[in-house]
Amino acid sequence: MSETAPMESRQAKAPDPTSAACSRMTFPPENLVPDPDCFAILSTPRGPGAIAVIDLIGDVQAGLARLYPANPPSIGCLSHRRFGNFDDGVVAVLTDDRAQLCPHGGLAVIERLKAWLDEHKVGWLEDASNMDPTELFPEAGDRVEAYAMAALTRAASRLAVPLLLEQSTIWHTTPPSAEDLVRSQRLRRLLAPPRVVVVGAPNAGKSTLSNVILGRTMAITSPEPGTTRDYVAARVDLEGLVVDWFDTPGLRATDDPIEREAIQLARDLIASADVVVALAAPGTDWPDAGKPPDIRVMSKGDLGGAPASGPADCVVSASTGEGIPELVRRVREALVPEADLESSRPWIFNDRLYSEFIAEHPPTESAA
Ligand SMILES: Nc1nc2c(ncn2[C@@H]2O[C@H](COP(=O)(O)OP(=O)(O)O)[C@@H](O)[C@H]2O)c(=O)[nH]1
Ligand SMILES: [Mg+2]
């Protein structure tokens, strides 16, 4: 890659000093150590990856001059650079207060990079959630877009992407109001994965069903009741909605102290669940989950019959795959209804943004 290739995108717009966004800008951000003049923020998720993106903010030119004293990269340039003696990658200087370092991804490289930045007095912001998104995304056209871009970097579900991209337009044409709060809260499940907890008696088929939904072996299944001794969790994409899926030990009375503790953990999990899926095999009872389940599923549908104590919402067979797409659809609908996704009303995806909006646009007497 050329040392002097011009930047093609992400050029910051000239700040409008009269805009609300400008008047609220603070640097360094509150609650953060103000010593260094330049800070780094990891903008890609912490974990293995091909490339990581680290944003530099503050007096970026001063920071880069310390990192590359012989030939500091200049504004508007993309260049291929060494990071200390441990990695190489791309440095993009967007403006005098904004640059990006793109080393190889992975925890070891990031840890080395952190130490290298520290040696050169570039601060590390562990948590960027206190920061004003207009500082992190100077290319955003307005505050709603800046907040939406910040949310996009963390959103778990791909269904969040089109919704976040249209919020700036929607907020301007249809101001958000209290009537949008409940739907907005459900839609936040697209940002942070909600919890789906599967409960049922031992041998109901919870682990077999969970394995089919996850497409891999997450829990040992066996005809021996009590095989799953602790709950097991995995993150799974249910056709665009990412959830944390929990398989639990069978709920039953037991004298085994370890199993009792595991069942108590499962009960705590049920209390914190966004959706509880109760499973009962043909001829068996629904489990006592401590609260009414959101979806009642008869398992082992290939065996025929019906649950002993009341009808099921749907029937699945982990053996034949029957009913699994319908169960996935029901879980999705219970968490984020299709109507929420299709709504053309604003999504209040961030509380701070909404508070600022209300402060600037107080409800009028007639609307109140
Ligand atoms: N016929 C049939 N058997 C199943 C089905 N799902 C699970 N089983 C069997 O039921 C037993 C208990 O299953 P498991 O998933 O370990 O139950 P758990 O205790 O609820 O986790 C195992 O022998 C499974 O092979 C199914 O859909 N059809
Ligand atoms: Mg099990």
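1. Of the 368 residues in the chain, 36% are buried (20 or more other C-beta atoms within 10 Å of the residue's own, the C-beta atoms being placed from the backbone). The model is predicted: local features need pLDDT of at least 70, side-chain atom pairs count only at pLDDT 80 or more, and totals for chains, interfaces and linings use all residues. Residues are numbered from 1 along each chain as its sequence is written, while chains are lettered from A and ligands numbered from 1 in the order in which they are written.

2. The chain contains 12 helices and 13 strands (DSSP runs numbered from the N terminus: H or I of at least four residues for helices, E of at least two for strands). Among contacts with a separation of 6 or more, 57% join residues 24 or more positions apart (a contact places backbone-derived C-beta atoms within 7 Å).

3. An open sheet of 6 strands has the order β9-β10-β8-β11-β12-β13, with mixed pairing (strands pair if DSSP finds at least two bridges between them). β9 (232–238) and β13 (314–315) are the edge strands; each has a single partner, so one side of each is left without a neighbour in the sheet.

4. Parallel pairing joins β11 to β12 (residues 295–298) over 4 bridges, with Leu-279 opposite Val-297 in β12. β12 and β13 are also parallel, over 2 bridges, and Met-298 is opposite Val-315 in β13.

5. Helix α8 (residues 206–214) lies across β8 (195–200), β9, β10 and β11 (275–280), at about 155° to β10 (the angle, from 0 to 180 degrees, is taken between N-to-C directions of axes fitted to C-alpha atoms, for helices over the stretch in contact).

How values were computed. Two residues are in contact if their C-beta atoms, placed from the backbone, lie within 7 Å. A residue is buried if 20 or more other C-beta atoms lie within 10 Å of its own, exposed if 12 or fewer, and partly exposed in between; C-beta atoms are placed from the backbone.
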